[in-house]
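Please keep the sequence and the model in view while reading.

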Amino acid sequence: MAQRQAPPSRPRTARARTTSAQVDVREWASGIRLSGFMVIMLSLVVLGAWVLVPTLGTYIDQRQKIAALEVAVQVSDDEIKALEQERERWDDPAYITTQARERLYYVKPGEVVYLVDNDLDPASLPAEQTPVSDELEETPTDWMPQLLRTIAGAGLAATASAAQ
């Protein structure tokens, strides 16, 4: 048997190093051989992914909805507990008396109650109004929307007026 001799070595240059580091994709792809079994298994994997991906998406969506509903149930349970505690407080006669005194200003016979008027912070009081003029002015806007804004503003005001 004849032995092969190695080809004579060439001196390595920078160009020779860069070409040896590159991989020829066509040469690599031609080395892959697909058998019938491999094709069947690959098609089964693709078919399984095609069937399971929408199901997985539905599963994830349903899990998110379940988690949101569990949070809503927990919030409802907390509200129920708070309302039950409130109901238990209203069963106590001392609490009812306290609420009647604070909210409705009820007093027991013989008690003297002092109400402090104008106890608001001066910064929260409305500014002084300018004196009303004797001249009539015609406004360029329609009076009905202005009236509705004034009524709504009076109903939603946070502070009482200073002059009563």
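Which side chain does glutamate 111 meet in a salt bridge? Its partner is arginine 101, at 2.8 Å from N to O; a salt bridge here is a side-chain nitrogen of Lys or Arg within 4 Å of a carboxyl oxygen of Asp or Glu. The pair links distant parts of the chain, ten residues apart: glutamate 111 lies in the loop between H4 and helix H5 (143–155), arginine 101 in helix H4. Helices are DSSP runs (H or I, at least four residues), numbered from the N terminus.

The model is predicted: local features need pLDDT of at least 70, side-chain atom pairs count only at pLDDT 80 or more, and totals for chains, interfaces and linings use all residues. Residues are numbered from 1 along each chain as its sequence is written, and side-chain values use heavy atoms, leaving out hydrogens and water.

By this rule there are three salt bridges. Another joins arginine 89 to glutamate 86, with the closest N and O atoms 2.2 Å apart. Because these two residues are three residues apart in helix H3, about one helical turn separates them. Lysine 65 pairs with aspartate 61 at 3.6 Å between the closest N and O atoms; both lie in helix H3, four residues apart.

Glutamine 99, in helix H4, counts as buried because its relative accessibility is 11%; buried means under 20% relative accessible area, exposed over 50%, and partly exposed in between (1.4 Å probe, protein chains only). By contrast, aspartate 91, at 60%, counts as exposed. Aspartate 91 lies in the loop between helix H3 (36–90) and helix H4 (93–104).
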